[in-house]
Amino acid sequence: MTTISKTITKDDIIVSGARSTGVIHIGNYFGAIRNFAKMIDDFENPSFFFIADWHALTTHQDAALLKDSVRKTLATYLGCGLDPNKSTIYLQSDVPAISELYLYLNMFAHLGELERTATFKEKIAANPNNINAGLLTYPVLMAADVLIHKGTKVPVGKDQAQHIEMIRTFSNRLNRVYKKEIFKEALAYSYSDDFVTVPSLNGSGKMSKSDDPNSAILLLDSDKDIEKKIKRAKTDTGPTEKNSPLTQEVKNLFDLMALFSNEEQITYFKNSYLDCSIRYGDLKNQLALDAIQFIRPLREQIEEYINKPNLLVEIAKSGAEKANNSANNTIEELRDTLGLTRKFLNKISN
Ligand code: TRP
């Protein structure tokens with residue numbers, strides 16, 4: 001069972017990130033980024049939100065593309081309202097201590113548990129020709145991301161909950177071996193009872209960037225693109241009997257409506273499904289209208305940041321400085337605990 005916390009107390013340290021992939025879709029928005037912004041606004045706690053560009057390397061092996069993705073992801077964070085004055089926003093690769101912690105944590109991660117990780121199994125099935133050790137130790141690097149700031153609450157989507165559980169496994173093991181509570185337990189955090197899962201437009205599964213591009217609505221999609229994609233979304237041939245249960249494809253459309261449309265619209269279309277008068281074209285028109293209304297201002301704000309590269313650099317720099325301060329404190333303490341120290345003479349003299 002995955003443990004999900006719904007509370008933040010005064011000692012909590014909030015840490016989360018997203019892989020930079022360049023194509024940020026509404027699944028990423030509702031599953032992660034929106035919550036990041038909300039947490040910064042709702043809580044006074046220290047918070048760290050980063051762009052996982054090292055994690056991106058496991059599958060994203062083109063330098064120019066990665067740079068572009070990182071820039072767009074940072075612009076997306078800012079455009080979606082993550083406030084760099086109230087939080088620490090940075091690139092993972094700007095904080096070298098994370099890679100050092102990753103090395104240490106690898107000693108506390110067991111091969112068997114890494115091989116059993118659901119996302120690892122999915123990735124090797126999708127990519128049988130590149131089963132690299134970076135994929136295997138992906139959860140260890142995530143643990144380093146969180147533990148480097150002694151994070152205790154990690155807002156993530158459902159697909160990441162197993163990884164957060166693994167962070168606890170690694171940190172508890174390290175604490176136990178060194179008989180010291182260096183790290184507290186990190187818990188996945190969610191605002192509501194259920195993690196939001198945004199469905200794919202192709203009728204099954206969750207929205208994903210790796211599937212066919214028409215199955216995901218991107219935050220940078222134009223109004224026209226959004227409309228086109230929604231109109232192409234899979235449906236069925238329509239209910240033939242009154243009060244039929246929703247098919248998966250149609251349930252997906254209602255799930256999307258729940259994100260963008262108002263209660264009245266949703267009830268209207270639900271009722272018209274139940275009495276078999278529904279016209280999917282009308283539903284899609286309404287959904288497209290509401291989705292565009294919602295996404296357009298986000299897109300415009302993101303584009304504004306994309307067009308200000310100097311500002312992006314400045315924000316990344318000041319975020320890195322704050323993140324390195326916090327990270328270096330943890331790594332110094334840990335080196336000492338592990339019996340490592342940069343003070344060579346001290347080491348051999350006692
Ligand atoms: N794996 C996460 C994702 O794909 C991104 C991530 C990297 C992350 N490191 C993290 C999330 C640490 C939370 C905490 O979305």
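Predicted model: local features only at pLDDT ≥ 70, side-chain atom pairs only at ≥ 80, totals over all residues.

**Stop 1**

Asn243 is exposed, with a relative accessible area of 59%.

Now select Lys179. This residue sits in the loop between α9 (161–178) and β6 (187–189). The phi of Lys179 is likewise positive for a residue other than glycine, near 50°. Lys179 counts as exposed, because its relative accessibility is 75% and the cut-off for exposed is over 50%.

**Stop 2: the two domains**

Colour the chain by domain. Domain 1 covers 4–189 + 308–349, and domain 2 covers 213–304. Between the C-alpha centres of domain 1 and domain 2 the distance is 34 Å. In the contact, domain 1 takes part with 12 residues and domain 2 with 14 residues.

Together domain 1 and domain 2 bury about 1,200 Å², and 75% of this is on carbon and sulfur atoms. Select Ile26, Phe30 and Gly79: these three supply 42% of the area that domain 1 buries against domain 2, more than any other three residues.

How many salt bridges are counted between domain 1 and domain 2? The count is one salt bridge. Three residue pairs are found in polar contact across the interface of domain 1 and domain 2, with both residues of a pair at pLDDT 80 or more. Show α1 (26–42) and α3 (63–79) next, the elements that give two or more residues to the side of domain 1 that touches domain 2. The largest share of that side, four residues, comes from α3.

**Stop 3: salt bridges**

The structure holds 18 salt bridges. A few of them can be picked out in turn.

Begin with Arg296 and Asp223. They form a salt bridge in which the closest N and O atoms are 2.9 Å apart. The pair links distant parts of the chain, with Arg296 in helix α13 (residues 280–306) and Asp223 in helix α10, 73 residues apart. Arg296 counts as partly exposed at 30% relative accessibility. Asp223 is partly exposed too, with a relative accessible area of 22%.

Stay in helix α10 and select Lys224 and Glu227. Their side chains meet in a salt bridge, at 3.4 Å from N to O. Lys224 and Glu227 are separated by about one helical turn, because they are three residues apart in helix α10. Lys224 is exposed, with a relative accessible area of 55%, whereas Glu227 counts as partly exposed at 24%.

Move on to Glu304 and Lys308. This pair forms a salt bridge with its closest N and O atoms 3.6 Å apart. Glu304 has 48% relative accessibility and counts as partly exposed. Lys308 counts as partly exposed at 40%.

**Stop 4: a buried arginine**

Finish at Arg19, which is found in strand β2 (residues 14–19). Is Arg19 buried or exposed? Arg19 is buried, yet has no salt bridge. The nearest side chain of opposite charge is that of Asp159, 8.6 Å away.

What does the side chain of Arg19 make a polar contact with? One partner is the side chain of Thr59, at 3.1 Å. A polar atom of the Arg19 side chain also lies 3.2 Å from the backbone oxygen of His55. To see the surroundings, select Ala52, His55, Ala56, Thr58, Thr59 and Tyr138, which are in contact with Arg19 when its neighbours within four places in sequence are left aside.

Technical notes
Residues numbered from 1 in each chain as written. Heavy atoms only, no water. Buried < 20%, exposed > 50% of the residue type's maximum accessible area, 1.4 Å probe, protein only. Lys, Arg positive; Asp, Glu negative; His and termini not counted. Salt bridge = Lys/Arg side-chain N within 4 Å of Asp/Glu carboxyl O. Polar contact = N/O pair within 3.5 Å; in protein donor to acceptor, adjacent residues only side chain to side chain. Contact = heavy atoms within 4.5 Å. Domains from an automatic or database assignment. Buried area = accessible area lost by both parts, 1.4 Å probe.
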